[in-house]
Structure formats: structure tokens, C-alpha cells
Amino acid sequence: MGDFKERLAAIVGRSQLLSAAADMAPFLGDWRGRYRGEALCVVRPGSTDEVARVVACCAGAGVAVVPQGGNTGLVGGATPLGPAACPRGEVVLSLARLSRIRALDQDNNTITVEAGCILQQVQEAAAAAGRLFPLSLAAEGSATIGGNLSTNAGGVQVLRYGNMRELTLGLEVVLADGRIWNGLRALRKDNTGYDLKHLFIGAEGTLGVITCAVLKLFPRPRVSATAWVALRDPAAAVALLGRLTDHCGERVSAFEIIGRKALDLALKHIPGSRDPLAGAHAWQVLVELTDTLAGFDLDAALETLLAAEIEAGRVEDAVIAQSEAQAAALWQLRENISEAQKIEGVSIKHDISVPVSRISEFIARADEALERRFPGVRIVCFGHIGDGNLHYNLSKPEAQDNAGFIEQTGAVNLIVHDLADELSGSISAEHGLGQLKRAEILRYKSAVEMDLMRAIKLALDPAGLMNPGKVL
Ligand SMILES: Cc1cc2nc3c(=O)[nH]c(=O)nc-3n(C[C@H](O)[C@H](O)[C@H](O)COP(=O)(O)OP(=O)(O)OC[C@H]3O[C@@H](n4cnc5c(N)ncnc54)[C@H](O)[C@@H]3O)c2cc1C
């Protein structure tokens with residue numbers, strides 16, 4: 001193995017190969033602290049060519065490659081398995097140094113960015129050119145474009161702009177044998193056979209290493225309006241979304257639901273946060289409208305609609321942000337729920353989606369089944385209701401110990417995921433399968449679908465060295 005590491009060091013430079021335990025530690029565990037692995041070393045190539053040579057070197061030695069971006073993934077996808085599961089060893093391949101913005105084409109409305117670019121860096125580069133790159137999620141200060149692509153990340157603006165798959169025009173990928181596929185096309189129309197980029201988007205590093213991407217840019221909104229709306233139940237939220245969309249069309253750019261317990265956790269753990277409305281409402285939605293027309297009075301449009309909704313008794317209360325700072329404070333509440341839940345203690349998390357029309361039924365039936373089976377459990381429900389996607393999480397009953405609660409994960413998941421499946425939904429709307437849901441997915445995908453996935457894996461990675469033990 002000494003020789004192998006020497007060969008890697010010769011490719012990336014000695015300082016970019018980490019093998020001391022302390023240096024490797026941050027790369028061997030996940031954001032939630034649920035997974036910890038081992039690796040032969042961590043390598044940090046600085047160019048696509050170096051990535052290709054590293055991957056070829058690993059292929060030659062039969063060593064597995066675990067691509068890693070910002071390591072903010074929530075399903076253990078970027079964590080190596082360790083020698084018990086992977087006896088010939090794994091190399092963590094950090095893309096962090098591939099952080100150049102290669103091009104920005106204002107006429108074509110595209111930006112070409114390397115995989116290690118932090119999402120926020122790409123948003124800022126687009127903004128500096130008077131454009132919008134709309135992907136936005138709470139981990140945007142650390143998550144990378146390569147990770148966003150590999151998990152087909154969603155976030156808070158999918159409703160208007162789509163998820164990462166819909167935001168991508170071209171990719172550059174290092175294949176499992178070390179060849180480079182240059183698919184960096186910046187075309188909105190290209191019907192020349194299979195659309196290969198879609199194989200790698202959402203593949204969680206199991207088919208190749210994404211090194212660069214051409215992403216779509218959009219006009220920058222010039223006006224926005226943000227409201228915090230209290231509602232009786234999720235059905236009222238879905239109905240409000242319908243009326244809001246009728247009224248304001250594609251200007252509805254975010255529509256996020258926050259259950260009472262989720263809000264209470266943010267209020268408890270995030271310093272400086274406060275409830276935007278008096279009275280403890282059971283449900284709230286955070287609504288954002290945006291428009292590129294500078295003179296358009298979005299606040300007035302929102303106010304008229306919400307006043308009519310309150311008058312009709314369909315909305316309990318609402319507040320419209322009067323400044324950017326107030327809007328930011330509302331978003332802070334939403335974005336800090338995951339952090340607050342982490343501080344509160346252990347939790348069992350789900351990232352399900354169902355058709356928007358079945359959200360209300362999902363929440364009612366899941367709540368009822370879980371509360372009956374696990375008395376005292378605290379259901380922390382929030383998410384992108386406009387996309388039919390809920391982070392339907394459980395915090396332990398106050399009196400229960402952590403270990404006893406976590407032991408119930410399998411039984412809890414069965415209830416939640418079986419119900420999502422019954423309602424024609426998905427058990428992973430945006431976070432992927434990683435290690436976390438690799439076994440569970442077998443229950444929900446047909447044998448035909450699993451066969452197709454295995455056939456693709458075999459065709460692109462016959463030796464099974466790309467991020468083994470994840471997805472499949
Ligand atoms: C607080 C918080 C909020 C979040 N909110 C959202 C949200 O709203 N929506 C959402 O979709 N996700 C969300 N996430 C999850 C996470 O941020 C995303 O999945 C993100 O896209 C991962 O990017 P990363 O660079 O951290 O990837 P990593 O965690 O490093 O990797 C994720 C997966 O992609 C693979 N990978 C990484 N880079 C490459 C590459 N260049 N080539 C091939 N494979 C690669 C890894 O092997 C792994 O399987 C959230 C996470 C946190 C911590």
C-alpha cells in the first residue's frame with residue numbers, strides 16, 4: 001500500500017495526500033454524526049486531469065473511490081465504509097480544490113463551474129453578473145456543486161425553478177476507468193441520443209466523479225415579498241398554495257410549511273429568534289413571491305390575497321415582512337430547524353414526497369399511527385410543501401433515553417415509508433439513498449427498476465469501485 005500512496009502523492013503532490021488520523025478525521029464522518037468510516041488516505045486533486053489519474057490509479061490497484069464535496073449530505077453517501085465492508089480499501093477523493101468558475105456566458109445565461117465550487121460562491125458569481133442561480137438550501141455555505149449534482153439537490157425554490165437536474169445543461173465526468181467524458185454542452189436543445197448527464201446526476205458518486213458542470217442562469221428578481229402565514233392544518237396550507245398560484249402564477253417562488261413543534265425547536269435553540277405571530281398556531285407557511293419587474297407591487301398583491309383569506313376564515317393570521325431584514329429573520333427560522341433539532345438531541349428523520357394533493361392525508365395518517373404506537377413521540381414536521389416534500393422527523397419522547405428511541409428506527413421507518421409508498425410517494429425526495437436507505441429501497445422499487453439500476457452500474461463501473469455500498 002506504501003507504493004500505492006506514493007503513486008497518488010506523485011499525482012496530487014505530497015501535501016494534498018492526507019493519511020495521518022487527525023488530518024483525515026473530518027473526512028471520515030458525516031454531518032449528522034451517524035456514520036464513521038476508515039480510508040487508506042484522503043486525496044485532494046487540483047484539476048480534472050489529476051482526478052482522472054487518481055481514479056485510474058485506484059482502478060489499477062482495485063481500491064475504491066469515495067467522492068466527497070462539502071460533506072453535508074444526510075445519508076452517509078460521502079463516508080467510506082471501512083475495511084470490514086471494503087477489504088481492498090477506499091480513498092476519499094475530495095473535490096474541494098476544483099473550485100474555479102470556468103466561464104459565465106450572459107447571452108446564453110449559463111455558468112460553467114467546477115465540482116468543488118461552494119453553492120454560495122456560484123450564487124454570488126451569478127449575482128455579480130446580474131443573474132440568478134436559484135438553487136438554495138440551508139447548507140449552501142458548505143455544500144458543493146458536485147454534491148448538489150450527485151444528490152440532485154432540491155431546496156427552497158424548486159417550486160419555481162426545479163431541482164438540480166432541471167438546472168443542468170452539461171457535465172464533465174471522470175469515469176470509473178479514469179477516462180474523462182467531456183459533456184460540457186451549454187445547449188437547451190440537443191436530441192442526439194441518450195442524455196448521459198442524467199445518469200450521473202443523483203447517482204451519489206456511484207457511477208463516476210463529476211468534475212465540472214454547465215448550469216442555467218435566470219433573470220435576477222428585482223422585487224420580492226415574504227409572508228409568514230398561520231393556518232389551522234396542512235389541508236388549509238395546500239388550499240392556500242392553490243389560490244396563491246391562481247392569483248400570482250409563477251411569482252410564487254417558495255412555499256414552506258412549518259409545524260408547531262418544528263417552530264418551537266427553532267425558538268428554543270436559535271439565539272435571537274422569535275415567533276413572528278402571537279398565539280401558538282399549529283401550522284405556518286413561509287411564502288415568498290418574486291418578480292423581475294421593478295415596479296410590481298408584490299406586497300400589495302400578497303396583502304390583498306391574505307386579507308381576503310383571513311376574512312374568509314381560511315387563514316388564522318399573517319404578517320408580511322416590511323424590510324429585507326425582517327424577511328431574512330423569517331427565513332432564518334425556517335433554515336435553522338435542522339440545526340435546532342440537532343441541538344435538541346437524537347432524531348429519526350424522513351425526507352418523503354407525495355403528490356401535493358395527498359400531503360394532508362399523509363400527515364394525518366402518519367401522525368395518528370406514530371402517536372398510537374410510540375406514545376409521547378414528538379413529530380417535527382416541516383418542508384417544501386409546494387413540492388410535496390416533507391422533512392417528517394421524530395424527536396424522542398422527553399422521558400425516553402436516546403438508545404431506546406433509536407432502536408425503534410426500523411419500526412418507525414416502516415410506518416412512515418409504507419404510507420408514503422401507499423400514497424404513490426418516494427422515501428427519499430431530495431437527500432438520496434446513500435448508506436441510510438440502500439437496503440430499504442428494495443422494499444419500494446420493483447424488481448424491474450432495481451435490475452435496470454444494476455445494469456447501469458455494471459456497464460459504467462464493472463469492478464464496483466465507485467463509492468461502493470451506496471445506493472445499490
Ligand atoms: C442543514 C442542512 C440542510 C439541507 N437542506 C437541504 C435541502 O433543502 N435540499 C437538499 O436537497 N439537500 C439538503 N441538504 C443535504 C445536502 O446539503 C445536499 O445533499 C448537498 O447537495 C450535498 O452537497 P455536498 O457537497 O456536501 O456533498 P457531500 O455530502 O460531500 O456528498 C453527497 C453525495 O454526493 C457524492 N459526491 C459529492 N461530490 C461528488 C462529485 N463531484 N462527483 C460524484 N459524486 C460526488 C458523495 O459521494 C455523496 O454520495 C441539507 C443538509 C444540511 C446539513
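Which residues of H13 are buried? In helix H13, they are Ile 359, Phe 362, Ile 363, Ala 366, Asp 367, Ala 369 and Leu 370. Here buried means under 20% relative accessible area, exposed means over 50%, and partly exposed lies in between (1.4 Å probe, protein chains only).

This is a predicted model, in which local features need pLDDT of at least 70, side-chain atom pairs count only at pLDDT 80 or more, and totals for chains, interfaces and linings use all residues. Residues are numbered from 1 along each chain as its sequence is written, and side-chain values use heavy atoms, with hydrogens and water left out.

## Helix H13 and its neighbours

A word on naming: helices (H or I, at least four residues) and strands (E, at least two) are DSSP runs, numbered from the N terminus. The buried residues of H13 pack against H8, strand S14 (283-291), strand S17 (351-353), strand S18 (378-384), strand S19 (389-395) and helix H15 (409-422). Contact means heavy atoms within 4.5 Å.

The expected span of a helix is 1.5 Å times one less than its number of residues. For the 15 residues of H13 (residues 359-373) that gives 21 Å, and the end C-alpha atoms are 21 Å apart, which agrees. As background for reading any such helix, an α-helix has 3.6 residues a turn, so residues three or four places apart point the same way.

Axes are lines fitted to C-alpha atoms, for helices over the stretch in contact, and angles run from 0 to 180 degrees between N-to-C directions. Angles under 35 degrees count as roughly parallel, over 145 as roughly antiparallel, 65 to 115 as roughly perpendicular and the rest as oblique.

Let us start with H8 (residues 234-248) and H10 (residues 298-311), whose axes come within 11 Å and cross at roughly 140°. That angle makes H8 oblique to H10. On the H8 side, Leu 240, Arg 243, Leu 244 and His 247 take part, and they meet Ala 301, Leu 302, Leu 305, Leu 306 and Glu 309 of H10. By class, this contact has 6 nonpolar, 1 polar and 2 charged residues. For these classes, Ala, Val, Leu, Ile, Met, Phe, Trp, Tyr, Cys and Pro count as nonpolar, Asp, Glu, Lys and Arg as charged, and the others, Gly among them, as polar.

At 2% relative accessibility, Glu 309 counts as buried. Leaving aside residues up to four places away in sequence, Glu 309 touches Leu 240, Arg 243, Arg 314 and Val 315.

Next come H1 (residues 2-12) and H3 (residues 48-61), which pack at an angle of about 170° with their axes 9 Å apart. H1 and H3 are therefore roughly antiparallel. Phe 4, Arg 7, Leu 8, Ile 11 and Val 12 of H1 meet Glu 50, Arg 53, Val 54, Cys 57, Cys 58 and Ala 61 of H3. The contact of H1 with H3 divides into 8 nonpolar, no polar and 3 charged residues.

H9 (residues 260-269) and H12 (residues 337-344) have axes 8 Å apart at an angle of about 75°, and are therefore roughly perpendicular. Ala 262, Leu 265, Ala 266, Lys 268 and His 269 of H9 meet Ile 337, Ala 340, Gln 341, Ile 343 and Glu 344 of H12. In this contact there are 6 nonpolar, 2 polar and 2 charged residues.

## A few single residues

Accessibility for some individual residues is set out here.

| Residue | Relative accessible area | Class |
|---|---|---|
| Met 24 | 7% | buried |
| Arg 53 | 40% | partly exposed |
| Asn 109 | 22% | partly exposed |
| Glu 250 | 54% | exposed |
| Val 471 | 10% | buried |

Met 24 lies in helix H2 (residues 21-24). Its C-alpha atom is 6.4 Å from that of Val 42, 18 residues apart along the chain. Beyond residues up to four places away in sequence, Met 24 touches Leu 18, Ser 19, Ala 39, Leu 40, Cys 41 and Val 42.

Most residues other than glycine have a negative phi. Asn 109, in the loop between strand S5 (101-105) and strand S6 (110-114), has a positive phi of about 55°. Val 471, in the segment after helix H17 (447-460), has a positive phi of about 65°.
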